[in-house]
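Here is a short report on one protein model. Look at the sequence and the coordinates first, then read on.

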Amino acid sequence: MKTQHRPLYAQVRTAITDRIADGVWAGGEALPSEFALAAELDVSQGTVRKALNAMAADNQVERVQGKGTYVPLHTPERALFHFFRFTAPDGAPLRPEPLNQAITRIPVPRQHGDAFPNEPLLWRISRRRGLNGRPALLEEIYISAETFPDIGPEDALPNALYPHYQHLSGRSVSRAEDYLTAEAASEALAEALEIPKGTALLKAERTSYDLRDTVVEKRITRVLTEGAGYRVTLR
């Protein structure tokens, strides 16, 4: 495994990441012990430990004291509290309520071509969700129709999609990047959210990636921020 260009632990990390991405170990499953991985990869236990610690720091694996190292399992609760950044002003988590959705298969939009190279078609998922009993979120979600052939126009999708992606394809969302801007509600957005035209909305453009840094999903969310805000904790 040794090369002149990359640290050995980084090569071990890549080898473990590839096996998780290939489904050798499923979500929620324990990895072999450090000793077993070291023997299999022909490196020291310390090198394996360094690789796993780096992966744990990026939430690619979960280290459980006294039990071992696990592939993260995307549950609805984990997806909500880890990836859903909208909270009440006091920091209390908000639970979005599904109101309606539409799923259509479309050619790749020009603006998403770089994210989905060589993809012939995408699923576009349009969802309206509520907060505190009123419409508050509008989502446009784009995913590969080839990667997710079991999704269809008539599907009733769950509220939390990342666990659903993992279940359908074995692809886990390991990280997401959000770009936030403000936007005045157009007539169509105002009608969907039952608000006056021109009301200020928060627009969050998200790109979600799997373990190989391949795009899993593009998502545009428009949020009515009355009683809600986007919260980020920096450490």
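Helix α5 is followed by Gly170, whose phi is positive, near 80°. Helices here are DSSP runs of H or I with at least four residues, strands are E runs of at least two, and both are numbered from the N terminus.

This is a predicted model: local features need pLDDT of at least 70, side-chain atom pairs count only at pLDDT 80 or more, and totals for chains, interfaces and linings use all residues. Residues are numbered from 1 along each chain as its sequence is written, and side-chain values use heavy atoms, with hydrogens and water left out.

Helix α5 covers residues 161-169. It lies across β5 (121-131), β6 (134-144), β8 and β9 (215-223). Its direction is at about 160° to β9. Such axes are lines fitted to C-alpha atoms, for helices over the stretch in contact, and the angles run from 0 to 180 degrees between N-to-C directions. Leu161, Tyr162, Pro163, His164, Tyr165 and Gln166 of α5 are buried. Buried means under 20% relative accessible area, exposed over 50%, and partly exposed in between, with a 1.4 Å probe and protein chains only.

## Overall picture

The protein has 6 helices and 10 strands. Its C-alpha trace spans about 65 × 45 × 30 Å along the principal axes. Of its 235 residues, 43% count as buried. The accessible surface comes to about 12800 Å², and 50% of that belongs to carbon and sulfur atoms. These areas come from the Shrake-Rupley method with a 1.4 Å probe; for residues, only the protein chains shown count as cover.

Contact means heavy atoms within 4.5 Å. Among contacts between residues at least 6 apart in sequence, 58% join residues at least 24 apart.

Charges come next. There are 29 positive and 30 negative side chains, and the centres of the two sets lie 5 Å apart. Lys and Arg count as positive, Asp and Glu as negative; His and the chain ends are not counted. Each charge is placed at NZ of Lys, CZ of Arg, CG of Asp or CD of Glu.

## The open sheet

Which strands make up the open sheet, and in what order? The sheet has 6 strands, ordered β4-β5-β6-β9-β8-β7, with antiparallel pairing. β4 (97-107) and β7 (175-184) stand at the edges, each with a single partner strand, so one side of each is left without a neighbour in the sheet. Neighbouring strands are turned by 15° against each other on average, direction ignored. Two strands pair if DSSP finds at least two bridges between them.

| β5 and β6 | 10 bridges | Gly130 with Pro135 |

β6 is mostly covered: 9 of its 11 residues are buried. In a regular strand the side chains alternate between the two faces of the sheet.

Thr221 sits in β9. Is Thr221 buried or exposed? At 6% relative accessibility, Thr221 counts as buried. Leaving aside neighbours within four places in sequence, Thr221 is in contact with Leu137, Leu138, Glu139, Leu202, Lys203 and Ala204.

## Two asparagines in loops

Asn118 is found in the loop between β4 and β5. Asn118 is not a glycine, yet its phi is positive, about 65°. With a relative accessible area of 78%, Asn118 is exposed.

Asn132 lies in the loop between β5 and β6. That hairpin has 2 residues between the strands, and Asn132 takes a positive phi near 55°. Asn132 is not a glycine either. At 59% relative accessibility, Asn132 counts as exposed.

## Away from the sheet strands

Arg13 is found in helix α1 (residues 8-21). Arg13 and Lys50 are 37 residues apart along the chain, and their C-alpha atoms are separated by 8.6 Å. Not counting residues up to four places away in sequence, Arg13 touches Ala51, Ala54, Met55, Asp58 and Gln60.
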